[in-house]
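Dear colleague,

Please find below the structure that I am handing over to you. My findings follow it.

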Amino acid sequence: MTEAKRPRVPREKAQEIILNAAEELFYQEGIHAVSVDAIVERAGMNKMSVYRQFSSKTDLILAYMKRKQDVFWQEWEESIAKHPNRPREQLIQFFADLAERATNEQFRGCCFINIAVEFPDPVHPVRELVCSHQKRIRDAFLDRTTALGAAHPCELAYTLILLMEGTYADSQTYGTDSAAIRMVPAIVEKVLDQALHN
């Protein structure tokens, strides 16, 4: 179908279609490797429709990232909710759920870490959003390690963050059937128990 013959769709629906297309391509292929033309083709819309919803590719990237933020925090809350007021079990559950996701063949690691590699400029709005997201993660882990009663909650929080990021990296280096990923929940359990007994 040519661009001229493609039907116009309502604004809200158009945004969803474009974001769905961008999400698939950005996550699987990387930001810089994906052109607006490729998103247009995947979305089945014309280029004018894309720019009507997003004034630039950067705006589209930021919208994609905000969507991925929502997904991350939904997954975090779902893990935490399985063990109300039990921070040790909440943290172990988060890593158990992460390990399960990381063994999915479509898993491409953490989109925020992937994006940080592509946008090294610390004042670029995309990189700034990555940093704000990572700080929120740090705060969330620190909240749980403090609730746990660890003697050194900040040190423990950073240890857990490094284990999380290591899980992301391992899945991309060795594949989603990595034995190390399957061991992560047990490793976290030992780290937490050691932190509580120090």
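Which helices each supply at least two residues of the lining of the largest pocket? They are α1, α4, α5, α6 and α7; helices here are DSSP runs of H or I with at least four residues, numbered from the N terminus.

The model is predicted, so local features need pLDDT of at least 70 and side-chain atom pairs count only at pLDDT 80 or more, while totals for chains, interfaces and linings use all residues. Residues are numbered from 1 along each chain as its sequence is written, and side-chain values use heavy atoms, without hydrogens and water.

A pocket is an open set of points on a 1 Å grid where a 1.4 Å probe fits, with protein on both sides within 12 Å along at least five of seven lines; lining residues have an atom within 4 Å of a point. The largest pocket holds about 340 Å³ of space, and Y27, K68, E75, F107 and G109 are the closest to its centre among 18 lining residues. Its largest share of lining, four residues, comes from α4.

The second largest pocket holds about 180 Å³. Both α8 and α9 supply at least two residues of its lining, which includes H152 and E155.

Yours sincerely

Notes
Grid points are joined across faces, edges and corners, and a volume is the space filled by probe spheres set on the points.
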